Amino acid sequence: MRTSAVRLAQSMSHKALADTSSSLLPPIPLYRRILRSHRFLPAEMRSLGDDYIKAEFRRHAKVTNPVHIMGFLSQWKMYLDEIPAGPDGAKYRGQRLDPTKFEKMSDEQLGQLYEFMQATKEVFQPTRVDNDKP
């Protein structure tokens with residue numbers, strides 16, 4: 001996922017960025033804390049979330065642009081802050097995407113979001129079995 005620095009900066013409010021940057025974590029501790037926070041999520045959400053986190057951090061491992069790195073880490077820190085800690089995570093069902101963020105997405109990001117939506121449908125909707133066929 002490649003975004004311009006301007007688009008990345010526009011996607012975050014100044015207050016959210018200030019709050020997040022004051023407690024920004026290095027990549028590996030952030031990665032570990034996110035995976036730990038997923039332990040209490042329902043099994044389907046945990047497996048999907050863990051796979052997604054691992055792929056995103058792998059994809060961004062060799063990024064050298066400091067603005068992109070800061071945006072990446074701050075967005076994942078904001079995600080970590082939104083997930084309920086402990087047993088309350090079992091009741092967590094996510095939240096709706098903010099329409100302003102949706103409008104600012106590039107075509108590539110929209111495509112990735114669509115693919116993600118399809119993957120979640122496959123995980124959360126069991127396949128139908130026809131009992132009429134032999």
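A residue counts as partly exposed when its relative accessible area lies between the buried cut-off, under 20%, and the exposed one, over 50%. Keep that in mind for Leu110. This is a predicted model, and Leu110 sits in its helix α7, residues 107-124. With a relative accessible area of 30%, Leu110 is partly exposed. Setting aside neighbours within four places in sequence, Leu110 is in contact with Phe102 and Met105.

Now over to another part of the model, helices α3 and α5. Their axes are 10 Å apart and they pack at an angle of about 25°. Angles under 35 degrees count as roughly parallel, so that is how α3 runs relative to α5. The crossing of the two is left-handed.

Here is who takes part in that contact:

| Helix | Span | Residues in the contact |
|---|---|---|
| α3 | residues 27-37 | Pro27, Leu30, Arg33, Ile34, Ser37 |
| α5 | residues 66-82 | Leu73, Trp76, Lys77, Tyr79, Leu80 |

Sorted by class, the contact of α3 with α5 has 7 nonpolar, 1 polar and 2 charged residues.

Which residues of α3 are buried? They are Leu30, Ile34, Leu35 and Ser37. Looking down the axis of α3, you'd find these buried residues within an arc of 160°, so they line one face of the helix. And what covers them? The cover includes α5 along with α4, which spans 43-59. Leu30, Ile34 and Ser37 turn up on both counts: they are buried, and they are among the α3 residues that meet α5.

Conventions. Residues numbered from 1 in each chain as written. Predicted model: local features only at pLDDT ≥ 70, side-chain atom pairs only at ≥ 80, totals over all residues. Heavy atoms only, no water. Axes fitted to C-alpha atoms, helices over the stretch in contact; angles between N-to-C directions. Helix = DSSP H or I, 4+ residues; strand = E, 2+ residues; numbered from the N terminus. Parallel < 35°, antiparallel > 145°, perpendicular 65-115°, else oblique. Left-handed = near helix turned anticlockwise from the far one by under 90°. Contact = heavy atoms within 4.5 Å. Nonpolar A, V, L, I, M, F, W, Y, C, P; charged D, E, K, R; others polar. Buried < 20%, exposed > 50% of the residue type's maximum accessible area, 1.4 Å probe, protein only. Arc of directions from axis to C-beta.
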